[in-house]
Amino acid sequence: MKDDKLSKEEVKISKFVSLVLRHKPENIGLTLSKDGWANVYELIEKIKATGRNIDKYILEMVVLYNDKKRFSFNENHTLIRANQGHSINVDLGFEEKEPPEILFHGTSIDYIDSIKQEGINKMNRLHVHLSLTEDIAKKVGERHGKPAIIKINSKQMYEDGIKFYLSENKVWLCDYVDPKYIIDII
């Protein structure tokens, strides 16, 4: 599903929920559990207090139709969290997984020279985000300007002892990609 299933207002709510659950819960006075969960009803009330129009139905739509599947509910939909992309310290309980042979990283062409020298760093996030396909990586890169897609030898990284994790929304995560694992830049 795509964000085009959401109204413009719901897309704005989705972006705000992402900001709160991934980066700045303190902006609305919200406290997350150590594993990133927030009480759904507390989140709704605190977002309402900022003047935004939100209720349980709107939040359900934001989770269901978010094109990147950024959020998850617990089984009874009383808790919500972001699936990955945090800049705040949370333990999402990821289990180490063996990655596919090749993964991709989408970025802007503006960062390619730096990446060739320094590799791919997690920057202000907890992990480097890698995609299963070139198409997904291109969409990520387009968010940062003219896209560049970096093809990565994830099999060799894994064989060399680098740990990989797979988020609930199928984003591959690791701590760093050394330039020696870059196969190609598309």
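Colleague: In which helix do Glu-159 and Lys-155 both lie?

Modeller: This is a predicted model, in which local features need pLDDT of at least 70, side-chain atom pairs count only at pLDDT 80 or more, and totals for chains, interfaces and linings use all residues. Residues are numbered from 1 along each chain as its sequence is written, and side-chain values use heavy atoms, with hydrogens and water left out. Helices are DSSP runs of H or I with at least four residues, strands are runs of E with at least two, and both are numbered from the N terminus. Glu-159 and Lys-155 are four residues apart, about one turn of the helix, and both belong to α6 (residues 154-159).

Colleague: At what N to O distance do the side chains of Glu-159 and Lys-155 meet?

Modeller: A salt bridge requires a side-chain nitrogen of Lys or Arg within 4 Å of a carboxyl oxygen of Asp or Glu. The side chains of Glu-159 and Lys-155 form such a salt bridge, with an N to O distance of 3.9 Å.

Colleague: How many residues apart in sequence are the parts that Lys-122 and Asp-175 tie together?

Modeller: The side chains of Lys-122 and Asp-175 meet in a salt bridge (3.9 Å, N to O). Lys-122 lies in the loop between β5 and β6, and Asp-175 in the loop between β9 and β10, so the pair joins parts whose separation in sequence is 53 residues.

Colleague: Which residue in β9 stands opposite His-129?

Modeller: Strands β6 and β9 pair in the antiparallel sense over three bridges; pairing requires that DSSP find at least two bridges between two strands. Opposite His-129 stands Leu-173.
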